[in-house]
Amino acid sequence: MSDLDGNSSAPAGDAFGQTQTLKKVKKQKVLLMGKSGSGKSSMRSIIFSNFLARDTRRRGATIDIDLSHVKFLGNLTLNLWDCGGQEAFMENYLSQQRAHVFSNVGVLIYVFDIESRGDVERDLATYVNIISALVQYSREAKVFVLVHKMDLIQPAMREAVFDQRVALVRRKTAEAVSIVRKQKPDASAHPQSPPFPSTQIPDVDLDMQLFATSIWDQSLYKAWASIIHDLVPNLAVIETQLASLGVAIDADEILLFERTSFLVVSKWSSREGERNPYGDRFERMSNILKSWKHTCSKFTGTPRNAEQFSDFEYKMGPNFAMFATKFTTNTYILVCMPPGEARFNSAKLNVAAARPWFRFLDGPPVPMSSSSQMLAGGGYGSEAAGGSES
Amino acid sequence: MDRFPFRPGFVRNISPAVLNLQRVYEQNRQRITKKDVGSVPDVAAPQTKGTPRLLLMGQRRSGKSSISSVVFHKLPPSETLYLESTARIQKDSLNSFMDVQIWDFPGQIDVFENPNITFDIDAIFGEIGALIWVIDAQDDYLESVAQLNNTILHIQRSYPHINVEVFIHKVDGLSDDYKLDIQRDITIRIQDELSDEGIENAPVNFHLTSIYNHSIFEAFSKVIQKLIPRLGQLEAMLTNLCRTCRFEKAYLFDVNTKIYIATDSTPEDMASYEICSDFVDVVIDFTEVYGSWPRTQSWRARLEGEPWSQPVEDQVACELAEAGMVLSDAQRPIMLREVDRFLALVAIMKEGSYEKMPQINLNVDVVVKGLTEFFDITKPKEVKAAAVVEGRKGQGS
């Protein structure tokens, strides 16, 4: 698949025109924090290293900060700071290493262990301190709060428990932010703090999302897909192109997955596809394919992170048809379509033909065409579909 | 579109509480209907003549209810912790290509020497297909083995044909050597006891099982296979298919329980069973998400309009579900084909044979047709009449 990236992509880029340039390679600092034993490293290893949930039981505690660079989609590198959660470390992050840890943060992921009885107050206090430090050093950072280990709560209670925790965390966050806001003049006087325009106090409003997660079901994928979603560069381009591909091949739904984590990068549904009553189907697909990958690696004896399958197709008589296939070097594509052999086969060919449109997903950014030209490409797609039918 | 490939209301990941409620409801319902027909309201009375029965017995807390919940109700293994101890005989039924009843006995009751109630031994053991004795391998098993010996001696006298399947259970977490040691020890204890009593060659089989991996499903597969009439014929069909299509291994799966009811004659191998069984899972999951809800009329109208202008049913090559997956290493494909509402044929193919899929499909078509006929013939007479109508509906392509 080496012909899909690198040098060979340059002429294709020229052919498409250069009306819109893509953003440069991005490096994002992601802080993963939370109390010791709350499951930070477990979820990281499930999402990015293809561990099974039950394999994470034997993990030891993370000592200090575990730095890892996760390459995601060729042109996005996540600088993942997995911060050991023991109190001694936490104090260290908040005091000596404060500027080092909390500056230039793109995303903070804070993990609450829902099962931590009695310790909730202390956990919240740490959280408040971290939020204050974050607001002080990286105001632009997005915050994701994961209320984790939800599987330990009785299913009927889960929603209520989560809602309660959400309210609590939101209140604490607001308090922390308002305190920082009040202190702002002092803070800017301090030589170590980042240069805020001290004349006007900016409205510190945290961009915060909360998720109930568990490593035992697909909820983890939902949370991480939304974390990733905001970081992926050129998302708008991906979305328009997926949409025109979908219309061209007459699909009901298209999902684009990242290769190793199988997180949903982008999705498109037709009007019919949107009627699907399973609202959680995207994270479910991630979960299904990920565990399938694991089965394959056990069967073939290849490493967990290796590529496991190249093609999948499933035709369910007159109900629907679908296929998942390796798309670009860094992505898999899953297409769900109406039944019909001719339709199915031409869609497969058209998806293969559409690969060059998505070549930019693989890395060194190349100039890409505008969405209007993509529509022209759509015309070509449907033409091919008609051709193979006759 | 009234037909679904897999049982529409099949239970996925239900909680222990719901499962319990379902069972209580089901049992009360059965009791009431039985009262209506005026028969004796005895729990142990045989209600369905002709359906083979599996008896789950063993000491309390050995894992009987967990086994039946995981295998027949798809309860996630981790949730079996919350199952309550069974106080009375739990009856589950496997409604599939053949109806099997599973009776889960409370472990604290000794059927043969009970001071309070005398059980109708004949009603319990009369029509049973197999007795499954569950032994907790992580516990002291001497007492359980003694009890099992006692049971075998009792039933050997009156029902010498009953297969006794010993599940040496909860072996996950034990080392391979230790597992085999336990199996050897238990085997010797039972055989010694039996030969002391003058019983040789009793049909006793041993399986190492755990609900946390595929071993429990494999063990159940072996048990069920013994109940299938003319299993040899089925196996011959699959072996033939494997030879003509160059398959490495083929399984005929019961889709709901992922028990395989037949395979070809090549040596058994756990790894290929696991991957095939997981493939069935993947297909079921996709079916649930994308295939279990009705599409609108306008969607259908658009599909049948220009330029296709033929009904959707005529646009597809195969009425039944078919799936294929190509593994990256050595390009080994796995294929699946639905046989009827309950069964699916799953096969691991030889390297690089995915291009020959069209020819293979033709062969598979023939075998699927053969299988359908096979089950039509071997079905018990009274079920047959009803099934013919249904079968027509299913096959009417």
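## Interface between chains A and B

In this predicted model, chain B and chain A bury about 4,600 Å² between them, 63% of it from carbon and sulfur atoms, where buried area is the accessible area (1.4 Å probe) that two parts lose on being put together, summed over both. Of the area that chain B buries against chain A, Phe286(B), Tyr290(B) and Trp308(B) supply 17%, more than any other three residues. The contact (heavy atoms within 4.5 Å) takes 51 residues from chain B and 46 residues from chain A.

## Salt bridges and strand pairing

Three salt bridges cross the interface, each defined by a side-chain nitrogen of Lys or Arg within 4 Å of a carboxyl oxygen of Asp or Glu. Arg302(B) forms a salt bridge with Asp250(A), with the closest N and O atoms 2.8 Å apart.

Strand S9 of chain A (residues 309-316) runs antiparallel to S9(B) and is joined to it by seven bridges; two strands pair if DSSP finds at least two bridges between them, and strands are themselves DSSP runs (E, at least two residues) numbered from the N terminus. Tyr314(A) has Ala323(B) as its bridge partner in S9(B).

## Confidence and conventions

Chain B averages a pLDDT of 81, and 84% of its residues score at least 70, pLDDT being the predictor's confidence in each residue, from 0 to 100. Over residues 1-11 of chain B the pLDDT is below 50, and over residues 37-49 of chain B it stays under 50. Where pLDDT is low, the predicted coordinates should not be read in detail.

Residues are numbered from 1 along each chain as its sequence is written, and chains are lettered from A and ligands numbered from 1 in the order in which they are written. Local features need pLDDT of at least 70 and side-chain atom pairs count only at pLDDT 80 or more, whereas totals for chains, interfaces and linings use all residues, and side-chain values use heavy atoms, with hydrogens and water left out.

Methods. Helices (H or I, at least four residues) and strands (E, at least two) are DSSP runs, numbered from the N terminus.
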